Amino acid sequence: MGAAPAPQVMVLLGSASDLPVIEKALPLLERFGLSHRVEIASAHRQPRKLHRVVQAADKGGTEVFIAVAGMAAHLPGVVASLTARPVIGVPVASGPLAGVDALLSMVQMPPGVPVATVAVGSAGARNAAVLAARIISLHDKEVARAVDDHRREMARGGR
Ligand code: RP5
């Protein structure tokens, strides 16, 4: 049996405890018609797995990576070091510093290795899904239509 095809959007989590943060973002990815897969691969606890997953996705054509992590959140930065595809980082409020630790870890990347960091928690995760769709909409008309529909819905008071 061959490996599963690479999703358009690969969602990586630092821990299973980060799952609730991404839950409301996954239906948005579906709404935009984006194939996606969620994998737990900690930069610190499972570095070899993380390298394997990112390299396979990169080779398979994944277009955007979303990396969700808390505390000393190095996950999106490490992902950005392994691929030239856009990486969106979602900081999680999982420690006593309530996400400020993860936010600063993600946003303070060295020059040349960008991570597009969104807000802490579920609101950030939802924006990560919208941003992934907007990136992919640059070359995919179907996704561009879904992004426009979403904007029109928000203008009518939807979220
Ligand atoms: C980070 O540490 C994870 O992304 C998570 O937000 C946090 C706590 O992880 P667990 O101890 O709950 O697995 O690496």
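Contact here means heavy atoms within 4.5 Å. The model is a predicted one, in which local features need pLDDT of at least 70 and side-chain atom pairs count only at pLDDT 80 or more, while totals for chains, interfaces and linings use all residues. Residues are numbered from 1 along each chain as its sequence is written, and side-chain values use heavy atoms, with hydrogens and water left out.

Leaving aside neighbours within four places in sequence, Thr62 is in contact with Ala6, Pro7, Gln8, Val9, Met10, Ala57 and Arg85. Thr62 sits in the loop between helix 3 and strand 3; helices (H or I, at least four residues) and strands (E, at least two) are DSSP runs, numbered from the N terminus. Is Thr62 buried or exposed? Thr62 is buried, as its relative accessible area is 0%. The cut-offs are under 20% relative accessible area for buried, over 50% for exposed, and partly exposed in between, with a 1.4 Å probe and protein chains only. A polar atom of the Thr62 side chain also lies 2.6 Å from the backbone oxygen of Pro7. That pair is a polar contact, meaning N or O atoms within 3.5 Å; within protein, one must be able to donate a hydrogen and the other to accept it, and residues adjacent in sequence count only if both atoms are side-chain atoms.

Not counting residues up to four places away in sequence, Gln8 touches Gly33, Leu34, Ser35, Thr62, Glu63, Val64, Ile136 and Asp140.

Next comes helix 4. In this helix, residues 75-82, six of the eight residues are buried: Leu75, Pro76, Gly77, Val79, Ala80 and Leu82. What do these buried residues pack against? Their partners are strand 1 (9-13), helix 3 (47-60), strand 3 (64-70), strand 4 (87-92) and helix 5 (100-107).

Then there is the ligand. Around the ligand are Gly14, Ser15, Ser17, Asp18, Arg45, Ala69, Gly70, Met71 and Ser94, each with a heavy atom within 4 Å of it. An N or O atom in the Ser15 side chain is 2.6 Å from a ligand oxygen, and a polar side-chain atom of Ser17 is 2.7 Å from a ligand oxygen. Gly70 takes part through its backbone, with an N or O atom 3.0 Å from an oxygen of the ligand. On its own the ligand has 370 Å² of accessible area, and the protein covers 75% of that.

Met71, one of the residues around the ligand, lies in the loop between strand 3 and helix 4. Met71 counts as partly exposed, at 45% relative accessibility. Its phi is near 55°, a positive value in a residue other than glycine. Most residues other than glycine have a negative phi. Ala98, in the loop between strand 4 and helix 5, has a positive phi of about 55° as well, although it is not a glycine.

Finally, Gly121 falls in the loop between strand 5 (116-117) and helix 6 (122-137). Gly121 counts as buried at 14% relative accessibility. Setting aside neighbours within four places in sequence, Gly121 is in contact with Val21, Val90 and Pro91. How many residues separate Gly121 and Asp18 in sequence? They are 103 residues apart, yet 9.3 Å apart in space, C-alpha to C-alpha.

Technical notes: Accessible areas come from the Shrake-Rupley method with a 1.4 Å probe; for residues, only the protein chains shown count as cover.
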